[in-house]
Amino acid sequence: MAAAISAGILGRGHRVLLLCQTRRTFASQTDGEAKVMQVLKEKFPRASAIKVVDISGGCGAMYEIHIESEEFKEKRTVQQHQMVNQALSEEIKAMHGLRIFTSIPKH
């Protein structure tokens, strides 16, 4: 069984360490990744690429999201990230952290 340690900083410099005991193969998708992916596909139907990775070792504490969509066209990066945060508003409540990378398809 693999252990993953995830460190993060909460307000006022307080550090939090999360220890996650989980079994995971790189070819499989965790339930959390699948759920986040499903929500993003529903909220961004025009997305040409979506990638969701649980970077907490499989326990669902932190995710990295890459999403490429026409829906981000003519929006600043902060607006694009706000759209993703809004789409995942319920799921974010159970997360410790989230990395968001957005882009517009190049034609």
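This is a predicted model: local features need pLDDT of at least 70, side-chain atom pairs count only at pLDDT 80 or more; totals for chains, interfaces and linings use all residues.
Me: What does the pair of Glu 64 and Arg 99 tie together?

Reply: Glu 64 sits in strand β4 and Arg 99 in strand β5, so the pair links parts that are 35 residues apart in sequence. (Strands are DSSP runs of E with at least two residues, helices are runs of H or I with at least four, and both are numbered from the N terminus.) Arg 99 itself has a relative accessible area of 43%, which makes it partly exposed.

Me: What makes Glu 90 and Lys 93 a salt bridge?

Reply: Again, look at the distance: their closest N and O atoms are 2.9 Å apart. Both partners are on the exposed side of the cut-off, Glu 90 at 51% relative accessible area and Lys 93 at 63%.

Me: How do you know that β4 pairs with β5?

Reply: Two strands pair if DSSP finds at least two bridges between them. Seven bridges join β4 (residues 62-69) to β5, and the two run parallel. If you want a spot to look at, Ile 67 stands opposite Thr 102 in β5.

Me: Why are β3 and β5 called edge strands?

Reply: The open sheet has three strands in the order β3-β4-β5, with mixed pairing. β3 (47-54) and β5 (97-103) each pair on one side only. From one strand to the next, the twist averages 10 degrees.

Me: What makes you say that α1 packs on the sheet?

Reply: Contact means heavy atoms within 4.5 Å, and helix α1 (residues 31-43) touches β3 and β4. Its direction makes about 155 degrees with that of β3 (axes are lines fitted to C-alpha atoms, for helices over the stretch in contact, and angles run from 0 to 180 degrees between N-to-C directions). Helix α2 (residues 77-87) lies across β4 and β5, at about 125 degrees to β5.

Me: How do you know that the length of α1 agrees with what a helix should span?

Reply: The expected span is 1.5 Å times one less than the number of residues. With 13 residues, α1 should span 18 Å, and its end C-alpha atoms are 18 Å apart, which agrees.

Me: Which residues of α1 are buried, and why are they said to be on the same side?

Reply: Glu 33, Val 36, Met 37, Val 39 and Leu 40 are the buried ones. They cover an arc of only 165 degrees around the axis, so they sit on the same side of α1 (the arc is that of the directions from the helix axis to the C-beta atoms). On the other side, Asp 31, Lys 41 and Glu 42 are exposed. The buried residues of α1 are covered by parts including β3, β4, α2 and α3 (89-92).

Me: What makes the buried residues of α2 line one face?

Reply: In α2, the buried residues are Gln 80, Val 84 and Ala 87. Seen down the axis they fall within an arc of 65 degrees, so they line one face of the helix. They pack against α1, β4, α3 and β5.

Me: Why is Met 83 called partly exposed?

Reply: Met 83, in helix α2, has a relative accessible area of 24%, which puts it in the in-between class. Leaving aside neighbours within four places in sequence, Met 83 is in contact with Phe 44, Glu 71, Phe 72 and Lys 75.

Me: Is Glu 74 buried or exposed, and how do you know?

Reply: Exposed: its relative accessibility is 78%. You'll find Glu 74 in the loop between β4 and α2.

Key: Residues are numbered from 1 along each chain as its sequence is written. Side-chain values use heavy atoms; hydrogens and water are left out. Buried means under 20% relative accessible area, exposed over 50%, partly exposed in between (1.4 Å probe, protein chains only). A salt bridge is a side-chain nitrogen of Lys or Arg within 4 Å of a carboxyl oxygen of Asp or Glu.
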